[in-house]
Amino acid sequence: MDERWTIGVVEALRKLCRNGPECINYNLRSLETKSLVKCPDPNNTNNWIIEEKLETSEILSQVCLACYTTNGVDCEHPLFKGNVCRKCLGRLKSTMVVKGDDGLHYFCAVCGTLGLIVLCDNDNCGRAYCFQCISDLTANNTWDILLTTEEWLCFLCEDSSVIRIIYGRDDYSTRIHQLYTPERLQLVEPPSEPLPSETKLRVLSLFDGISTGFYSLQKLKIPIQAYYASEIDIAALNISKLNFGDQIIQMGDVISITDEIIKQISPIHLLIGGSPCNDLSLANPTRKGLFDGEGSGILFFEFYRIILLLKKYNKNGFYWMYENVSSMQLSCREAISLYLQCEPVLKDAVSFSPQHRPRLFWGNLPTLYVEVPFEKTHLQEFLMSGRMAIVPKLKTVTTKSNSLRQGKEAVHPVRNEQDIPDTIWITELEKVFGLPQHYTDAGNLSATQRQELLGKSWSIPVITHLFNFLHSFCTSSSYKITSSPNEAT
Ligand SMILES: C[S@@+](CC[C@H](N)C(=O)[O-])C[C@H]1O[C@@H](n2cnc3c(N)ncnc32)[C@H](O)[C@@H]1O
Ligand SMILES: [Zn+2]
Ligand SMILES: [Zn+2]
Ligand SMILES: [Zn+2]
């Protein structure tokens, strides 16, 4: 065993034996989330580590890295070498997909609880490590050292020289995907056969917004026979009309889609949609949640209703995908997963574009469980000439204009040709979302209205990554399969 490990283990676990695991829960990023995740039980003293085990290499396999129990520690920690108990694995699985609009995690990557945290500065990681884990599992003073490190890359992103017992697994990203890959898809089976030749894709898009679903399919050159959309926002409908004319069949309010209509439009091969998130997001303190009939969260059940209706008329199965924000209340997420009978996968547009946009996806698309290749992009590449980006990545663009401000000081992300701080232009934002410039320039919409619509919409490279498999489903397609979403034209 590596000597540095032994030093770390002994130091950390001796301390544990003397003091017992303390459940600290201060400096919470959000009071609301506090009660949703339980810390390890501090009274469970029977299971504490016994000193004679300390200097054996068995420690990491016998002791739960997250709560230090020695009982039933039979699961591998998905990120770090060592084991965890079943309860902690469940908590890790549930908290690992929660990211804020800034792309940063809330919960500790090692133990999955909230606490005083230090964050990884790698844009594609942003993982959190709690004070307790850093204190217990690394050498003394590490916490202080990390706090003063200007750009800290965590134990997964860099082979740092910190003395510790936590070492990242080389294959951690594959393990994360395996963790969410369901053993069996329960709600709807995907089609067992590719589409017969000469048959084109039939799509139903609920909460279609500015038709990013259609744009992504078109960009991938997937042959479409029919694209039915449900949307009620006039501005969004105008944008859709401007870009796609009558290629999209608008069906109006989702509530008006009846059993009879689903029967008429079937077969449907692909159902997509992301219902409104403002009543689910933790960012909204007055959110109404999932079940309040007065709020928009309840529209999730329209998606659920339609998926059940489609099941009735599409006995050969179909593909489906439901999307919503990553920072939703854990209880809402769990309820959605219960209905949709699978757990969500986190995909973040930051992997392909210069914007943090963590989103959760439920569904049966095979690409949901495929690792996302990280493409290093910088905001600078997306600006008009003469303008300078002062951040490499934007935080999530929402419907609020202040979401365009960056960092604690809420600065503008760009300096203009006169070297004066400036907001990002809508045409630049469209590019950041993977859309053509002026895509949202319909019906005399103001810049604010265009930002609001973009703030609700999908990031194209994420969606093309998810839809790329449709090439092999639509065998009649003679188009080239693109390996990277940004390569698609
Ligand atoms: C989160 S946005 C989805 C945006 C879309 N995914 C995109 O990329 O543009 C939710 C959308 O649901 C629409 N919506 C709200 N109530 C609706 C209803 N009753 N029927 C159909 N669409 C509705 C909103 O207007 C909004 O555009
Ligand atoms: Zn545990
Ligand atoms: Zn921790
Ligand atoms: Zn990291």
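Me: Before anything else, what counts as a contact here?
Reply: Two residues are in contact if their C-beta atoms, placed from the backbone, lie within 7 Å. The model is a predicted one.

Me: OK. What share of the contacts in the protein with a separation of 6 or more comes from residues 24 or more positions apart?
Reply: Such residues account for 63% of those contacts.

Me: What's the average pLDDT?
Reply: The average is 84, and 85% of the residues score at least 70.

Me: Where does pLDDT stay under 50?
Reply: Residues 1–10 stay under 50, and the model gives them 18 contacts beyond four places in sequence. Residues 14–57 are also below 50, with 72 contacts in the model beyond near neighbours in sequence.

Me: Switching to annotation. Which residue does UniProt list for "active site"?
Reply: UniProt lists Cys277, in an unreviewed entry. Cys277 sits in the loop between β8 (270–273) and α11 (300–313).

Me: Is Cys277 buried or exposed, and why?
Reply: Cys277 is buried, because 26 C-beta neighbours fall inside 10 Å and the cut-off for buried is 20 or more.

Me: What does Cys277 touch, leaving aside neighbours within four places in sequence?
Reply: Cys277 is in contact with Asn324, Val325 and Met328.

Me: Now the ligand. Which residues come nearest to ligand 1?
Reply: Phe207, Gly209, Thr212, Asp233 and Ser457 come nearest, out of 19 residues around ligand 1.

Me: How does that shell divide into nonpolar, polar and charged?
Reply: The shell around ligand 1 has ten nonpolar residues, five polar and four charged.

Me: What about Ile234, buried or exposed?
Reply: Ile234 is exposed, because its count is 9 other C-beta atoms within 10 Å. Its place is in helix α9, residues 234–244. Ile234 and Gly443 lie 209 residues apart in sequence, with a C-alpha to C-alpha separation of 9.6 Å.

Me: Next, helix α15. How many of its residues are buried?
Reply: Eight of the eight residues of α15 (460–467) are buried, so to speak mostly covered. Among them are Ile460, His465 and Phe467.

Me: In which sense does β5 pair with β6, parallel or antiparallel?
Reply: The pairing of β5 and β6 is parallel, over six bridges. Within it, Arg202 has Ala226 of β6 as its bridge partner.

Me: There's also a sheet of three strands. What order does it have?
Reply: The order is β12-β13-β14, in an open sheet with antiparallel pairing. β12 (388–389) and β14 (421–422) are the edge strands, each pairing on one side only.

Me: How many bridges join β12 to β13?
Reply: Two bridges join β12 to β13, residues 414–415. In β13, Arg415 is the bridge partner of Met388.

Me: What is the phi of Glu198, then?
Reply: Glu198 has a positive phi of about 75 degrees and is not a glycine. Its loop runs between α7 (172–180) and β5 (201–206). With 8 C-beta neighbours inside 10 Å, Glu198 counts as exposed.

Me: And Lys221, what is its phi and where is it?
Reply: Phi of Lys221 is near 60 degrees, also a positive value. Lys221 is in the loop between α8 and β6 (224–230). Its 17 C-beta neighbours inside 10 Å make Lys221 partly exposed.

Key
Residues are numbered from 1 along each chain as its sequence is written. Chains are lettered from A and ligands numbered from 1 in the order in which they are written. This is a predicted model: local features need pLDDT of at least 70, side-chain atom pairs count only at pLDDT 80 or more; totals for chains, interfaces and linings use all residues. UniProt positions are given in the numbering used here, feature names are shortened, and annotations may be inferred rather than shown by experiment. Helices (H or I, at least four residues) and strands (E, at least two) are DSSP runs, numbered from the N terminus. A residue is buried if 20 or more other C-beta atoms lie within 10 Å of its own, exposed if 12 or fewer, and partly exposed in between; C-beta atoms are placed from the backbone. pLDDT is the predictor's confidence in each residue, from 0 to 100. A residue is near a molecule or strand if its C-beta atom, placed from the backbone, lies within 6 Å of it. Ala, Val, Leu, Ile, Met, Phe, Trp, Tyr, Cys and Pro count as nonpolar, Asp, Glu, Lys and Arg as charged, and the others, Gly among them, as polar. Two strands pair if DSSP finds at least two bridges between them.
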